[in-house]
Amino acid sequence: MSQQERTEGDLRNTGLSLKHDRTWDYELDRIVDAVEERGAEKVGLQFPEGLKRRGPAVTDDLREALPDDVRVMMSGKPCYGACDLDTYLMRRTDVFVHFGHSPMKESENIIYVPLFSNVDVTPIMQEALDELDGDDVGLVTTAQHMNKFEEMRTWLEERDFTVHTRRGDDRLTNEGQVLGCNYASADIDADQVLYVGGGKFHPLGLAMEHPEKNVVIADPVNNSVSIADQEQFMKQRYASVHKAMDAEKWGVIFCTKIGQGRWDQANQIVEENDNAYLITMDEVTPDRLMNFDMDAFVNTGCPRITTDDGPRFHKPMLTPGEYEIAVGNKPLDELEFDTFHGTW
C-alpha cells in the first residue's frame, strides 16, 4: 500500500492517543492578572467544541485563584474559530477569554489563549518526505501547531530543502498559518506545499485555492500521510451547482457572527435578483432552514458551512461564486473555492 493510499497508521504516541490526557497551558496567571488590573467582576470563557468538556475544570481553577466576588461564566454557543466570538457574553463581562485559536484581530477586550498541541510532528514529516519531489517546498500549518513551526522549518532545512513561507493577509496571525477559510500563506514560490496538521479540510481548501500546487498532508494527529485530492470535492460542488440552475426562489444567508458576515455581498445578490430573499442567522444549520420555502440557498458566511455541511441541506447550498455560475453570470469552469480575506 502506498503512502498516498494509507489513511491511518499506528496511533500510539500521536494526537489521538494523547487527546484524553493531554495537558494544555490555559494561561490562568494571565487571566488572573487581567482581572486584577481591570478590577473585573465578571469573566467570560469561550471554548471550541472539542474543549468544552474542559470548561468546568478551568472554571474551578479560576474560581480558586480569583476573589470570591468574581463570577466566571462559560459560553455555550458553538465555536469553530477566532471569527466565532460570543459577542453577547463578551458585552456582559469585564474580561473575555477565547481559548483554542490565535487572534484574528487584536483587541484589548479579548484574551486569546491559543492552546498549542504537544504532539511530535517530526516522525510524520519524515514519512512525508517520500511524497515530496524536488528541494523546494512551501510549509504551512494550523494554529494548534504554530508552536512547532520553526522546528518544522529547521528540520526541513537540515535535510537540504529550500523552505518557502509567508504570512498571508490580516486575517492570519502567524507566518505559515492557514485557516479553513484563508490560504494566503500558501501563495509562495514553490510547486509543492507540505501541510502539517490534522484533518483534510484545510489542505483540501489549500489545493482548491492553489490548484497548480501539489499539497502533501502530514497529519500528526492521525499519523497519516496523503495527497490532497480535490476531485471528489469538485464533483460534489458541480452537482450542487447543477441542481440549483433551475432554482427560482433563492435564500441568501447572512451570518451575524462577528467575523463571518459579508453584508455587501449578500445585499448585492438580493438587489440584483427579485427572487432572492435575505435571511439573517447566527448558526446556519440544515434544520433551521427546513421551514424556508426556497429552491436553493447562497451562503455568504463561513465557507465551511457550504463545503462541510452542504450535502446535509434539503436544498442546494452554494457559495457566492457558485451562485454566479448557477444563474448564468459566470461559466462553469470558473468554479473555485470560497475564501475570506481581511478581518471584520
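Are Trp 250 and Tyr 323 buried or exposed? Both are buried (under 20% relative accessible area with a 1.4 Å probe, protein chains only; exposed is over 50%, partly exposed in between).

## Basis

This is a predicted model, in which local features need pLDDT of at least 70 and side-chain atom pairs count only at pLDDT 80 or more, while totals for chains, interfaces and linings use all residues. Residues are numbered from 1 along each chain as its sequence is written, and side-chain values use heavy atoms, with hydrogens and water left out.

Helices (H or I, at least four residues) and strands (E, at least two) are DSSP runs, numbered from the N terminus.

## Aromatic pairs

The structure holds 4 aromatic pairs. Rings of Phe, Tyr and Trp (its six-membered ring) pair if their centres lie within 6.5 Å; planes under 30 degrees apart count as stacked, over 60 as edge-to-face and the rest as tilted. One of the pairs joins Phe 47 and Phe 99: the centres are 4.6 Å apart and the planes lie at 10°, so this pair is stacked. Phe 47 belongs to the loop between β1 (42-46) and α3 (55-65), and Phe 99 to strand β3 (residues 95-99), so the pair ties together parts 52 residues apart in sequence. Phe 47 is buried at 2% relative accessibility. Phe 99 is buried too, at 0%.

Trp 250 and Tyr 323 form an edge-to-face pair, 4.9 Å centre to centre with 90° between the planes. Trp 250 is in strand β10 (residues 250-255) and Tyr 323 in helix α12 (residues 320-326); the pair links parts of the chain 73 residues apart. Elsewhere, Tyr 26, Phe 47 and Phe 99 form one aromatic cluster.

## Charges over rings

A charge sits over a ring if NZ of Lys or CZ of Arg is within 6 Å of the ring centre and within 35 degrees of the ring normal. The charged end of Arg 92 sits over the ring of Tyr 88, 3.6 Å from its centre. Arg 159 lies over the face of Trp 155, 3.8 Å from the ring centre.

## The mixed sheet

An open sheet has 5 strands in the order β6-β5-β7-β8-β9, with mixed pairing. Two strands pair if DSSP finds at least two bridges between them. β6 (162-164) and β9 (224-227) are the edge strands, each with a single partner, so one side of each has no neighbour in the sheet. The twist averages 25° from one strand to the next. Axes are lines fitted to C-alpha atoms, for helices over the stretch in contact, and angles run from 0 to 180 degrees between N-to-C directions.

β7 and β8 pair in the parallel sense over 5 bridges. Gln 192 stands opposite Asn 214 in β8. Helix α6 (residues 149-157) packs on the sheet and touches β5, β6 and β7; its direction makes about 165° with that of β5. α7 also packs on the sheet, touching β5, β7 and β8, at about 170° to the direction of β8. Contact means heavy atoms within 4.5 Å.

In helix α7 (residues 201-209), 8 of the 9 residues are buried, so the helix is largely enclosed by the rest of the structure. Among them are Phe 201, His 202 and Met 208. The buried residues of α7 pack against β5 (136-141), β7 (192-196), β8 (214-219), α8 (231-244) and α11 (303-309).

In α3, the buried residues are Gly 55, Val 58, Thr 59 and Leu 62. They fall within an arc of 100° seen down the axis of α3, so they line one face of the helix. The arc is that of the directions from the helix axis to the C-beta atoms. Their cover includes α2 (28-38), β1, β2 (71-74) and β3.
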